[in-house]
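Take a look at the fold below. Keep the sequence at hand as you read.

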Amino acid sequence: MQKVKLYNYRILITGASGFLGGNLARYLLPTSTVIAQGNRYAPQIPECICVKCDLTNPQGVKRLIAEHTPTFVVHCAAMTSPDLCAKEPVKARQINTDATEYIVEYANAVDAPVLFLSTDLVFDGSKGSLYTESDTPNPVNLYGETKLAAEDIVLKGINANTVFRIALSYGIFMHGAHGGYLDLLLSAFDRNDKQRLYTDQYRTPLFSGDFCRAVVNLILAVINGCSEKKSRLYHICGAERMSRYEFGYMVASVHEKSHNLIIPSIMSANPTAQPRGADCALSCELARRELNFTPNSVKENLLYDKQIRKETKLP
C-alpha cells in the first residue's frame, strides 16, 4: 500500500478510539505525527501520541491544542446514534455541537484548520435522487440537527476549515482498526442471527479506506496551498446507491454466508425510536473534481476488508 507523505505535520484526530478515527490514525503512520484522542481512555495505537481528553470541557480542549500544537485537526468524535441522541439530548448537543465549537475556536486560534465529519442524515431523504452540496438540509432527528449546527460553526471559522458529510460507513482498512457497520453484520452472521434489512432505505455506503484517502487528499490540498482559501463542504461517500438489504446481501455473498440470513423488510414495518430519511444517498461529484476522490466499488472494498480480516484472523 502506497503511503502518503505528510512529514513534519502534526495531525490531531479526535475519536481515534472509534471506527473511522482509528482507521485514519493508523493510515497516517508513520509518515506523519498523529495525536490520537479518546474521551474515556487514550487510544491504544502504537506510534501515535495517545491522549485522553473530554472534548466537552473547553479548558481541556484548550490545553490539548496548546500542548500538542497540531498542524491540522480531523474531528471524528461524535455521538452518532439518532436514538441515543434523542434519549440524551443535552449530552448530544454537548458532544456533537459544543465540543465542535471549542475545537474550532482553539485550533483556528493557532492557525490549525479543522476537518469536521458530518452526516448524510442532515437531509430528510425526500428528494428521491442523489443529494449534492447545494441541496438544502432538513434533518428529521436531533442527531442531524446537532451535526448541522456544528457544520455552521466549522464553516464560519478560518478560511481553511472543511466539512465532510459522510455516508453509512463500513469496513476495515488498516490492521488493528474496527470495521463499523460491517462488524455488526458479520457478527450476526456468525451467530446465525437473521437480519431484517430495509429494501426501501437507500444510502451510498462509504468504505473506511476511501474515507482515509479523501482526508489525505484534502489535507494535502490545504497545507500545500493547492485549494482555494475558503471554507469548503464536500460529500464523501461510496460509488453506489444501494439499500441496506442490497448491501447486506452483497456482504453475505462475499463472505459466503447464507442469504437466508438476510430478511427483506420495509421501514414502516420496523419503526425506530427516531425517524430516518428513506433515501439520503449522496453525490460525491464535487469531491471527485476538486479532491480527486475516486471511491472503489462496494464489492472491491468488501474483498479488501475480507483479506485484512484473514490476515489478522478476524471473523
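The paragraphs below start with the sheet, move to a helix and end with some single residues.

This is a predicted model, in which local features need pLDDT of at least 70, side-chain atom pairs count only at pLDDT 80 or more, and totals for chains, interfaces and linings use all residues. Residues are numbered from 1 along each chain as its sequence is written, and side-chain values use heavy atoms, with hydrogens and water left out.

Begin with the sheet. Seven strands form an open sheet in the order β3-β2-β1-β4-β5-β6-β11, and their pairing is parallel. Helices (H or I, at least four residues) and strands (E, at least two) are DSSP runs, numbered from the N terminus. Two strands pair if DSSP finds at least two bridges between them. β3 and β11 are the edge strands, and each pairs on one side only. On average, neighbouring strands of this sheet are turned by 20° against each other, direction ignored.

Now look at two of the pairs. Strand β1 (residues 10-14) is joined to β2 by four bridges, and the two run parallel. Here Ile-11 has Val-34 in β2 as its bridge partner. Strand β6 (residues 162-166) is joined to β11 by five bridges, again in parallel. In this pair, Val-163 stands opposite Leu-233 of β11.

Is strand β11 (residues 232-236) buried or exposed? Five of its five residues are buried, so β11 is largely enclosed by the rest of the structure. Buried means under 20% relative accessible area, exposed means over 50%, and partly exposed lies in between (1.4 Å probe, protein chains only). In a regular strand the side chains alternate between the two faces of the sheet. In β11, Arg-232, Tyr-234 and Ile-236 point one way, while Leu-233 and His-235 point the other way.

Next comes helix α1. It lies across β1, β2, β4 (72-75), β5 and β6, and runs at about 160° to β1. Axes are lines fitted to C-alpha atoms, for helices over the stretch in contact, and angles run from 0 to 180 degrees between N-to-C directions. Ten of the ten residues of α1 are buried. Among them are Gly-21, Gly-22 and Arg-26.

Which helix does α1 (residues 19-28) cross at roughly 60°? The partner is α7 (residues 208-223), and the two axes come within 10 Å. The helices are therefore oblique to each other. Angles under 35 degrees count as roughly parallel, over 145 as roughly antiparallel, 65 to 115 as roughly perpendicular and the rest as oblique. In α1, the residues that meet α7 include Phe-19, Leu-24 and Leu-28. On the α7 side, Phe-211 and Val-215 are among those that take part. Contact means heavy atoms within 4.5 Å.

Follow the chain past α1. The peptide bond from Leu-29 to Pro-30 is cis, with omega near -5°. Pro-30 sits in the loop between α1 and β2 (33-38).

Two other loops hold residues with a positive phi. Glu-47 is not a glycine, yet its phi is about 80°. Glu-47 lies in the loop between β2 and β3 (49-52) and is exposed, with a relative accessible area of 64%. Asp-111 is not a glycine either, and its phi is about 65°. Its place is the loop between α4 (89-109) and β5 (114-119).

Finish with Tyr-106 in helix α4. Tyr-106 is buried, with a relative accessible area of 16%. Val-61 is 45 residues away along the chain, but the two C-alpha atoms are separated by 7.4 Å. Leaving aside neighbours within four places in sequence, Tyr-106 is in contact with residues including Pro-58, Lys-62 and Ile-65.
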